[in-house]
Amino acid sequence: MNNPSGQGGSGEPSFAAPLSPGRGAGPALEAPPAKPKSDPAAPPQPEPAPPEARAGQPPPRVLVVEDDEGMRHFLGECFSRRSYDVDSVPSGEEAIERFRRLSYDVVVTDYRLTGMNGLDLTRLVKAVDLDTVVVIITAFADLSVADRAIQEGVTDYILKPFNANQLYFVIERSLRFRRLTREHRDLKSLVDTRTTFGSLVGCSLPMKDLYNLVERVSASEATVLVAGESGTGKELIARELHTRSRRKEGPFLAINCAALPETLLESELFGYEPGAFTGAEKRKLGLFERARGGTLFLDEVGEMTAAMQAKLLRALQEREVQRLGGGEPVKIDVRLVAATNRDLKEEVFAKGGFRKDLYYRLAVVPITVPPLRERREDIPLLASHFLQHHARRNQKEVAEISVDAMVLLSYYAWPGNVRELENLVERLVTLARGRVIGVDDLPEEIRGLAHKGGAAVEADVSLSLKEAKQDFERRYMEQLLRRVRGNVSEAARSAQVDRPYFYKKIKKYRIEPDSFRNG
Ligand SMILES: Nc1ncnc2c1ncn2[C@@H]1O[C@H](COP(=O)(O)OP(=O)(O)OP(=O)(O)O)[C@@H](O)[C@H]1O
Ligand SMILES: [Mg+2]
């Protein structure tokens, strides 16, 4: 049974997997020689048909990570025979390089890789895409690790030795699990009637997804990187993560890394001893120490200089900090949340302006906040929320925004996102003379949208052509659905496309027809 090399004329299919050879334990086992597909001795025939669940779907994209050549070839062969779309790499480093450029449904990795183990790789993969299926191949000796790995986000594991069918079984089961999880999440978001989440306001599907993610993540200690354009609510989210965590009784301290020169930022973060530099008279504790038991929020972390990035990385790796001017190292006990309005991933991989290792430390869980123009359903809700808030604060009797004015607010592109909307509403409330804010009260750039008529909206030239087309398509569909009060069949008829096509599009844009029922 234990015929790891899969050779030697035992009658076993040559697809019996080899044990990983030459990693110290046990005698070095020979990897199977590469088997060309045409090898008549290789009994498994190409699988007749893809599993039923995949009918009509593209084949799963699999990335095999295995430093043992024989095993890598074997896995590649298994997946090709099953018509999976497979790539293989020999190291975790290369896997990550490839993974951030291309998208994969599944990563199959040996637990023991040179340079990093399967768990390290899992963390890196999950930092790029939380939904990727990761399957670890492990020897019996590492079984306890495999159990822990599952808790850390690994989808499943395969115990060596195994054969091709066992491999397919685990991968298909993992993919089915992912599909069901996604469906479940979509359904949950659809029936989720929340319009607020702590201090966050919003009822669009992307916001509901975000609420769910924040809920899932806040229970953990994982470092979170919140990315999004300016004014999308990144700081609110950081606070929400804190309030919902075990650390809620502890402090929430924030620092804006862009606002301070390097030396000041360093002494703010790490503190100093008397005499550390001219003017340092008394000991000062840094934010890492002061935030003990709580959360430290590093805003605009993408603006840190290379030297500061290195210091922050060291602190995170060692889990301790040292005050400037000496002193004993102090253990860190903070949960870190960082925010950026730059595309840090792009800077890490394309431009190299931000350290990759630090990026992975910070983005253990990445959260992306969509810009307001991608969740226009939230605009009326947010506008009304700010109206009430500022009317109360200013003790004014402004009660509502007229329907026409609200429609125009929904058309506008909001380059400054929620902050811009809030500032505008505050100004409108302050200047309002009556109970209702109408079209005439709006600033010219928004009022002007009325003359463009129908679906035409100011083009947002900061977008790529592809994004702009998608932006238009989304708005067209939303507007149409608004007109037909969420009736998809009628909307499809009016757009002169068939219903399944229309339905596919609204799913793509995560538009919820029901949200147009009443308005
Ligand atoms: N979903 C929301 N619900 C209610 N208020 C919001 C929401 N999002 C943002 N805001 C408000 O908009 C303003 C900007 O939010 P915040 O400071 O969190 O944005 P940010 O993403 O950190 O922006 P920047 O990148 O410019 O620092 C704040 O006044 C905040 O209260
Ligand atoms: Mg901010």
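Biologist: Which ligand atom lies 2.6 Å from a polar side-chain atom of lysine 234?

Modeller: An oxygen atom of ligand 1 lies at that distance from the lysine 234 side chain. Please keep in mind that this is a predicted model. A polar contact is read from a pair of N or O atoms within 3.5 Å.

Biologist: How many residues surround ligand 1, and which are the closest?

Modeller: There are 18 residues around ligand 1, and the closest are Val201, Ser230, Gly231, Lys234 and Arg419.

Biologist: How many salt bridges does a search of the whole structure find?

Modeller: The search finds 34. A salt bridge is read from a side-chain nitrogen of Lys or Arg within 4 Å of a carboxyl oxygen of Asp or Glu. One of them joins glutamate 512 to lysine 208, with the closest N and O atoms 3.7 Å apart. Glutamate 512 lies in the segment after helix H19 (499–508) and lysine 208 in helix H6 (residues 205–218), so this pair ties together parts that are 304 residues apart in sequence. Both glutamate 512 and lysine 208 are buried.

Biologist: Which helices hold lysine 311 and glutamate 266?

Modeller: The side chains of lysine 311 and glutamate 266 meet in a salt bridge of 3.2 Å, N to O. Lysine 311 belongs to helix H10 (residues 306–318) and glutamate 266 to helix H8 (residues 262–270), so the pair ties together parts that are 45 residues apart in sequence. As for accessibility, buried means under 20% relative accessible area and exposed over 50%, with partly exposed in between. Lysine 311 therefore counts as partly exposed at 24%, while glutamate 266 counts as buried at 14%.

Biologist: What separates arginine 447 and glutamate 444 in helix H16?

Modeller: About one helical turn separates them, because they are three residues apart in helix H16 (residues 444–447). Arginine 447 forms a salt bridge with glutamate 444, and the closest N and O atoms are 2.7 Å apart. Arginine 447 is partly exposed, with a relative accessible area of 27%. Salt bridges can also link several residues, and a network of them connects Arg61, Asp85, Asp87 and Arg98.

Biologist: Is arginine 475 buried or exposed?

Modeller: Arginine 475 is buried, because its relative accessible area is 10%. It lies in helix H17 (residues 465–483), and its side chain makes a polar contact of 2.5 Å with the side chain of aspartate 471.

Biologist: Is valine 191 buried or exposed?

Modeller: Valine 191 counts as exposed, because its relative accessibility is 63%. This residue is found in helix H5 (residues 164–191). Together with Leu187 and Leu190, Val191 forms a nonpolar patch on the surface, with about 300 Å² of accessible area.

Biologist: How far apart in space are valine 365 and leucine 213?

Modeller: They are 9.5 Å apart, C-alpha to C-alpha, and 152 residues apart in sequence. Valine 365 is found in strand E16 (residues 365–368) and is buried, with a relative accessible area of 9%.

Conventions:
Residues numbered from 1 in each chain as written. Chains lettered and ligands numbered in written order. Predicted model: local features only at pLDDT ≥ 70, side-chain atom pairs only at ≥ 80, totals over all residues. Heavy atoms only, no water. Helix = DSSP H or I, 4+ residues; strand = E, 2+ residues; numbered from the N terminus. Buried < 20%, exposed > 50% of the residue type's maximum accessible area, 1.4 Å probe, protein only. Polar contact = N/O pair within 3.5 Å; in protein donor to acceptor, adjacent residues only side chain to side chain. Patch = residues over 30% accessible without salt bridge, like charges linked within 9 Å, V, L, I, M, F, W, Y side chains within 5 Å. Areas by Shrake-Rupley, 256 points an atom, 1.4 Å probe, with all protein chains shown as cover. Near = heavy atom within 4 Å.
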